[in-house]
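Visitor: Could you walk me through how to read pockets and cavities in a model? I would like the general idea and then the case at hand.

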Amino acid sequence: MARKNREASVQRGGRRSSGLVIAMLALVFLGFMSTQWYDRQHIDNVEIEGASGLSKASVLSVVDTLTSKSHRSIVLADVRLALESLPYVRSASVYFSGVRELTVEIDERIPVAHVVHADGSLRYVDAAGSVLPQVTQRASHNVPVLQSTDGTSLSASDVQRVVSLLVTGSRMLDPVLYQSISEVRFDRRRGTVEIVTDDTRWRLGEMDADRARGAFADMNVFWNETSQRINMATISEVDLRWKNQIVLRYHQVERVGTEGAAV
């Protein structure tokens, strides 16, 4: 009797093992068929996020070729590399967001300044100091113009140096003051910098990273505290070349005599 029970138990265990193997094989088969079905699906829509007029046209030229392609024919890493080779794209993320949809997320190179190109045109410059090509679509960014005091073209190292100072200023200055900057002038011979806002010229002197932080701190204090009590339109120059000292120079006022002549 005990021997028959053991044999019955072995048979039941064998049937359970066989059933488990069959179930696993069925799951593997279904998974394989599902993968095959998914790989054969074609992309109907490509969703683009984060691209403005700076990069939209060039991004579209890359991703438009993906429409109607099957999943298996698209290598996401290759698409990402193609997008990141575009001049206004700093980084990109590409992934399937649905059975027939692909999403592209773009992190753009944001312009922080203009620089005058050799042909006289204005070119955008990003926060790394890289001069970017002309934009194919209309784009408007309120950024200052970088130029030399003697009218000569700035070298690549000059541009990177001035842009690094400008980026420091964007982090430290009052937003209203920073947005009022129209020009940043660099004296290549002396290595000095001056900033032009709507009404005033700010002389920063020779700049390095530490000196720039100190000058921008003084500039900020003056703007937030002193400029509220005086008319900035009467000031021609704010001299910040000395640590924690600010020298103001006013516009010369022409006085009109009794006969209307300037004296």
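Visitor: What classes of residue make up the lining of the largest pocket?

Guide: A pocket is an open set of points on a 1 Å grid over the protein atoms alone, with protein on both sides within 12 Å along at least five of seven lines, and lining residues have an atom within 4 Å of a point. Ala, Val, Leu, Ile, Met, Phe, Trp, Tyr, Cys and Pro count as nonpolar, Asp, Glu, Lys and Arg as charged, and the others, Gly among them, as polar. Here the lining has 3 nonpolar, 3 polar and 6 charged residues; among them are Arg 185, Asp 187 and Gly 205. This is a predicted model, where local features need pLDDT of at least 70, side-chain atom pairs count only at pLDDT 80 or more, and totals for chains, interfaces and linings use all residues. Residues are numbered from 1 along each chain as its sequence is written, and side-chain values use heavy atoms, leaving out hydrogens and water.

Visitor: And which residues line the largest cavity?

Guide: In a cavity, a 1.4 Å probe fits but cannot get out. The lining consists of Val 162, Leu 165, Leu 166, Val 184, Val 193, Ile 195, Leu 204 and Phe 216. By class, that is 8 nonpolar, no polar and no charged residues.

Visitor: Is Glu 49 buried, partly exposed or exposed?

Guide: Buried means under 20% relative accessible area, exposed over 50%, and partly exposed in between (1.4 Å probe, protein chains only). Glu 49 counts as partly exposed because its relative accessibility is 36%. The C-alpha atoms of Glu 49 and Ala 92 are separated by 9.9 Å, with the two 43 residues apart along the chain.
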